[in-house]
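Subject: Structure for your files

Hello,

Here is the structure I said I would send. Some notes on what turned up in it follow below.

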Amino acid sequence: MEIYGMVTGKAGKSGYGSASTAEDVTHSIDAKHLTAIITGGTSGIGLEAARVLGMRGAHVIIASRNTKAANDSKEMILQMYPNARIDCLQLDLSSIKSVRSFIHQFLALNVPLNILINNAGVMFCPFQLSEDGIESQFATNHIGHFLLTNLLLDKMKSSARESGIEGRIVNLSSIAHTYTYTEGIMFDYINDPDRYSEQKAYGQSKLANLLHSNALSRKLQEEGVNITINSVHPGLITTNLFRHSGLGMAVLKAMSFFLWKNIPQGAATTCYVALHPDLKDVTGKYFADCNVTTPSNFATDTTLADKLWDFSIKLVESLP
């Protein structure tokens, strides 16, 4: 991810760049045969991704903690595209119980699942534990999506097998994955308030998203399953994620205003990775500005990825 390209919007090898929008990168794509789940699809880039996938014909399930916001988003999309297929289901990613409840609700719809976009997240939160006793950023950004993905894999596998259509999972990571704790993932002190840093805990959770993608990509390839999983950095965008940010972030934005994207641009990489035919069979990659880029050394550490996988499985299994 080069600064020059970010500032100028110059297209990369994919033909797209930082100035491309979600509509640009999905131009002429017909998604009528696809069903997609988007977590956090009620605001910001999640809502934009839901809108664009709906516009392209996909059946979109908006998974959100706030059911009113989800239904408002659905109505907004239907006003723009009356023939769009949008459903809403409640999902609180910080709650293991809620994740399992969502799975039951979704499976009851008896529809295929071709695309899973793990978009929702929290950022720079003051220290707090989830209802399951897990630090909130790690719980919401990683554990919730990790469990959701694992519980949806059988449905995605059967959908890919029966339709012949490649399944795609997109994990929303961030360039913030480079700013984490010294050991990358602080396994022994996830819930330690004395060692907690709002910024590093966020970076840790975004690193976890990348490690999850890479570990699962290897497992799916070993199985020979027709499903890909990739991670994306959407860019710097002003969204509700910044509600816990203070003066420091305001100063940073003022100094780096030329690097920030609007929401249609911010949703472009997600939609590109989810829908573009050029990415058939591409898996285990990290994208920014709709092009493959290189993540941190921690993110490509297979030993760390396997350790996080095992840690996450044991953590989820230890909960009631």
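A disulfide is counted here when two cysteine sulfur atoms lie within 2.5 Å of each other. Please keep in mind that the model is predicted.

Cysteines

By that cut-off, the whole structure contains zero disulfides. For C88, the closest cysteine sulfur belongs to C271 and is 17 Å away, so the two are too far apart for a bond. C88 itself is partly exposed, at a relative accessible area of 22%. C290 is not in a disulfide either, and its nearest cysteine sulfur, again that of C271, lies at 8.9 Å. C290 is buried, with a relative accessible area of 1%.

Helix packing

How do α6 and α7 pack, in angle and in distance between axes? Helix α6 covers residues 136-163 and helix α7 covers residues 198-223. The angle between them is about 15°, and their axes are 8 Å apart. Angles under 35 degrees count as roughly parallel, so α6 is roughly parallel to α7. Their crossing is right-handed.

On the α6 side, the contact is made by Q137, F138, N141, H142, H145, F146, T149, L153 and K157. From α7 come E198, A201, Y202, Q204, S205, K206, A208, N209, H212, L216, L220 and E223. Sorted by type, the residues of this contact are eight nonpolar, nine polar and four charged.

Regards

Definitions and conventions:
Residues are numbered from 1 along each chain as its sequence is written. This is a predicted model: local features need pLDDT of at least 70, side-chain atom pairs count only at pLDDT 80 or more; totals for chains, interfaces and linings use all residues. Side-chain values use heavy atoms; hydrogens and water are left out. Axes are lines fitted to C-alpha atoms, for helices over the stretch in contact, and angles run from 0 to 180 degrees between N-to-C directions. Helices (H or I, at least four residues) and strands (E, at least two) are DSSP runs, numbered from the N terminus. Angles under 35 degrees count as roughly parallel, over 145 as roughly antiparallel, 65 to 115 as roughly perpendicular and the rest as oblique. A crossing is left-handed if the near helix is turned anticlockwise from the far one by less than a right angle, and right-handed if clockwise. Contact means heavy atoms within 4.5 Å. Ala, Val, Leu, Ile, Met, Phe, Trp, Tyr, Cys and Pro count as nonpolar, Asp, Glu, Lys and Arg as charged, and the others, Gly among them, as polar. Buried means under 20% relative accessible area, exposed over 50%, partly exposed in between (1.4 Å probe, protein chains only).
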